[in-house]
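I opened the model to look up a few local features and the packing. My entries follow in the order I made them.

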Amino acid sequence: MSFDHSKYVAFPPIKKTNRRWPDQVIEKAPTWCAVDLRDGNQALVKPMTVAQKQRMFDLLVKLGFKEIEIGFPAASQPDFDFCRKLIEEQRIPEGVTIQVLTQAREELIERTFEALKGVSRAVVHVYNSTSTVQRQQVFGMDRAGIREIAVNGATLVRDIARGFPDTDWTFEYSPESFTGTELDFAAEVIDAVNDVWRPDNGQKVVINLPATVEMATPNVFADQVEWICDHIRYREHISISVHTHNDRGCAVAAAELAVMAGADRVEGTLMGNGERTGNMDLVTMAMNLYSQGIDPELDLSGMAEIADVVEACTEIQTHPRHPYAGELVFTAFSGSHQDAIRKCLAQREPGRAWNVAYLPIDPSDLGRRYEEVVRINSQSGKGGVAYVLERDYGISLPRWLQIEFSKLVQREAERNGGEMGPDAIHELFRTHYLDVQRDWELTSYDFHRDDQGVHAEVRVGEKGTVLSGQGLGVVEAVVQGLGRQLGVSVAVEAYDEFALGEGTAANALACIRVVSGEQVSSAAALAEDTASATVQALLTAVSKLEQVGHVGNEADEAAEALVS
């Protein structure tokens, strides 16, 4: 077989008996660094134009990012030009630091500083690969040779930076492919770089630990991060950063556990765009913190704008199931989910802690509407259907009619094979329950009560057929009139009425189910008052019974029978 798992070797776990990170809890946001304009950009089929880069940069600033990696200016002329544009046009706001990447090579480092000339503050991010496979199969170098590349790069960064005393410099070093590097060697190289930069003497330093390729489970990466934090020198003087990739689909989890293991800073991209399966998704991790009551120190309330800008700049569509940003992530199709959401929202008290079934956060926090929460297809149940009618049309259904109508909706959805929107649901409700045949339309009524009960006189249809009867209530009186004038014998099985809106002008909704022999018929009616709605609902339900013809004809036949 070509599909042969035996050619792979399991990643060895870290032998660590004193791990502390499993007991840690994230209580504050890490320092964020957005790398959309560098790592995200280099992964695009069609790299961003300068205009697209500017739009993305402006979005990142608006969201609150204080550190933004803008490119690899020594390796790309568009990146160089964009860096110069930001500096010369003074487009970098106060409090925002740009970051640029360079390999630990002399000509690239020199070109990098040329691109940064005149900047008020910047992070120079230098890297070289340290992993076993890179050393042995790509570079053909031993540990000493790799360490020397790192030290030479760090020395050059330090020396050139001294020629720009007006700039506030931060130095960043990444042992690329950290996850595939022996931990003792990674610590050795990091210490050698820091011996050059001397963070203990005041130089600001970031040591970035990249999972350039995700090779193991997130807990193993956390062990690696904690081990490095415990074994490198100058730990109290430097910021430990992580840059996780998503090859195993665990980039966010790995970054979160890394923060628990001691990382101070996280690099990633909006929506996770990046090489292969992508980078760590900043939106997801920041919103994960938000959902736990932790201030992510980013404003992600305009999620639609974020998605729009990212899609426009990357030409990659946001997946509809993307956490927090996807079109369908706050949507419930399942009937039981819809019912639970509807009941929780109905009981929710403003100002109380958010606790709604199936909704980990309030969609309105991200600019989403509750209209998007419940959507109807063949998997939906009574709760969802009722929610849509109540939400969009102010129609509240009794439970018995919710059950009955949801079956109609389900059959229609199965027939169409897709989702049913609010308009289609309302139209289905109208045609099955509200529509009135002209001969059965209530034109006037007169009710009065005496010691014998309620006396009702109802006029129906264009011919003004009169139904008169008596009963304990209006419904019973009209039912008697139907039997007396039309010979229709019905029993009312269920009846509910609701006021729609507030005040004297509020409309009323009546819902009724009648039984005649083995036939069952349901109807509803909207009217200006409950009496009109009740009688019309009853008339509509009766009109749908198979043995009942036109009111005028039935009345004429009844009159002829009386004469005979």
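Where does Arg 198 lie? I found Arg 198 in the loop between α7 and β6 (204-211); helices (H or I, at least four residues) and strands (E, at least two) are DSSP runs, numbered from the N terminus.

Before going on, I noted the conditions. This is a predicted model, in which local features need pLDDT of at least 70 and side-chain atom pairs count only at pLDDT 80 or more, while totals for chains, interfaces and linings use all residues. Residues are numbered from 1 along each chain as its sequence is written, and side-chain values use heavy atoms, with hydrogens and water left out.

**Backbone**

I looked up phi for Arg 198 and got a positive value near 50°, in a residue other than glycine. Arg 198 counts as partly exposed at 32% relative accessibility; buried means under 20% relative accessible area, exposed over 50%, and partly exposed in between (1.4 Å probe, protein chains only). I then checked Tyr 234, which is not a glycine either and has a positive phi of about 65°. Tyr 234 sits in the loop between α8 and β7 (239-244) and counts as buried at 15% relative accessibility.

**Domains**

I listed the domain assignment: domain 1 (29-314), domain 2 (335-366), domain 3 (376-434) and domain 4 (438-554). These bounds come from an automatic or database domain assignment. For domain 1 and domain 2 I have the C-alpha centres 38 Å apart.

**Cores**

Which residues touch the most other members of the largest nonpolar core? I noted Trp 32, Phe 65, Ile 70, Trp 197, Ile 228 and Leu 270, out of 111 residues in that core. Helix α7 (residues 183-197) gives this core its largest share, nine residues. Domain 1 (29-314) and domain 2 (335-366) each supply at least three residues to this core. A nonpolar core here is a set of buried Ala, Val, Leu, Ile, Met, Phe, Trp, Tyr and Cys residues joined through side-chain atoms within 4.5 Å.

I followed Phe 65 through its contacts (heavy atoms within 4.5 Å). Leaving out residues up to four places away in sequence, Phe 65 touches Trp 32, Ala 34, Leu 60, Val 96, Leu 270, Leu 282 and Leu 298. A second, separate core has 30 residues, including Val 460, Val 475, Ala 477 and Ala 525.

**Salt bridges**

I recorded 38 salt bridges in the structure, each a side-chain nitrogen of Lys or Arg within 4 Å of a carboxyl oxygen of Asp or Glu. One of them joins Lys 16 and Asp 230, with the closest N and O atoms 3.8 Å apart. Lys 16 lies in the segment before β1 (31-34) and Asp 230 in helix α8 (residues 218-231), so the pair ties together parts 214 residues apart in sequence. Lys 16 is buried, at a relative accessible area of 5%, whereas Asp 230 is partly exposed at 33%. Lys 16, Arg 20, Glu 226 and Asp 230 are linked in a network of salt bridges.

I also looked at Glu 182 and Arg 143, whose side chains meet at 3.9 Å, N to O. Glu 182 lies in the loop between β5 (168-176) and α7, and Arg 143 in helix α6, so this pair ties together parts 39 residues apart in sequence. For Asp 435 and Arg 430 the N to O value is 2.5 Å. Asp 435 counts as partly exposed at 35% relative accessibility, and Arg 430 is partly exposed at 29%.
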